[in-house]
Amino acid sequence: MNREWVKVVIAAIFEVFWVIGLKHADDVWMWIGTALAIAVSFYLMIMAGKTLPVGTVYAVFVGLGTAGTVLADSMFFGEEFSLIKIGLILLLLAGVLGLKLVTKEEGEVAS
């Protein structure tokens, strides 16, 4: 995994924080943290999109963020978790991994 993909993964982690913040922030400090998480998340995604294909970066960012948010909601906030959700998250992650694997990066030779 190169440096640009690491940026996408970190951006997705911050996405989980700001999405949780949008639902649970109830004081100024939590809203400031949520705003900072939004800024970091989008900055890293935009920087990665300058090198990697934007459509793939966005799909991976949203897919990882969605999976992380569903998992965090279940683990930390008592949201119901079912086998269907686990299966759908795995399917989503398989799609994200597939997109990453078929995406050519700059400097790669097409086969």
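A salt bridge is counted when a side-chain nitrogen of Lys or Arg sits within 4 Å of a carboxyl oxygen of Asp or Glu. In this predicted model, that rule turns up one salt bridge. The partners are Lys7 and Glu4, whose side chains meet with 3.4 Å from N to O. Since 3.4 Å is within the 4 Å cut-off, the pair makes the list. The general idea is simple: side chains of opposite charge can pair when their charged atoms come close. As for where the pair sits, Lys7 and Glu4 both belong to helix H1, which covers residues 3–24. The two are three residues apart, or about one turn of the helix. What about exposure? Glu4 is buried because its relative accessible area, 13%, is under 20%. Lys7 comes out at 21% relative accessibility, so it counts as partly exposed.

Asp26 has a relative accessibility of 62%, so it counts as exposed. Asp26 and Ser74 are 48 residues apart along the chain, and 20 Å separates their C-alpha atoms.

Helix H2 has its own residue worth a look: Thr34.

Next comes the packing of helices. Two packed helices are described by the angle between their axes and the distance between the axes. For H2 (residues 28–49) and H3 (residues 54–77), the angle is about 145° and the axes are 9 Å apart. The crossing of H2 past H3 is right-handed. On the H2 side, the contact involves Ser41, Met45, Ala48 and Gly49, and these meet Val54, Val57, Tyr58 and Phe61 of H3. Sorted by type, the residues of this contact are six nonpolar and two polar, with no charged ones.

Finally, there is the database record. An unreviewed UniProt entry places the feature "transmembrane region" at residues 5–22, 28–46, 58–77 and 83–102. How much of residues 5–22 is helix in the model? That span is 100% helix and 0% strand, and its end C-alpha atoms lie 26 Å apart. Residues 58–77 are likewise 100% helix and 0% strand, with 27 Å between the end C-alpha atoms.

Note on methods:
Residues numbered from 1 in each chain as written. Predicted model: local features only at pLDDT ≥ 70, side-chain atom pairs only at ≥ 80, totals over all residues. Heavy atoms only, no water. Helix = DSSP H or I, 4+ residues; strand = E, 2+ residues; numbered from the N terminus. Buried < 20%, exposed > 50% of the residue type's maximum accessible area, 1.4 Å probe, protein only. Axes fitted to C-alpha atoms, helices over the stretch in contact; angles between N-to-C directions. Left-handed = near helix turned anticlockwise from the far one by under 90°. Contact = heavy atoms within 4.5 Å. Nonpolar A, V, L, I, M, F, W, Y, C, P; charged D, E, K, R; others polar. UniProt positions renumbered as here; feature names shortened; annotations may be inferred.
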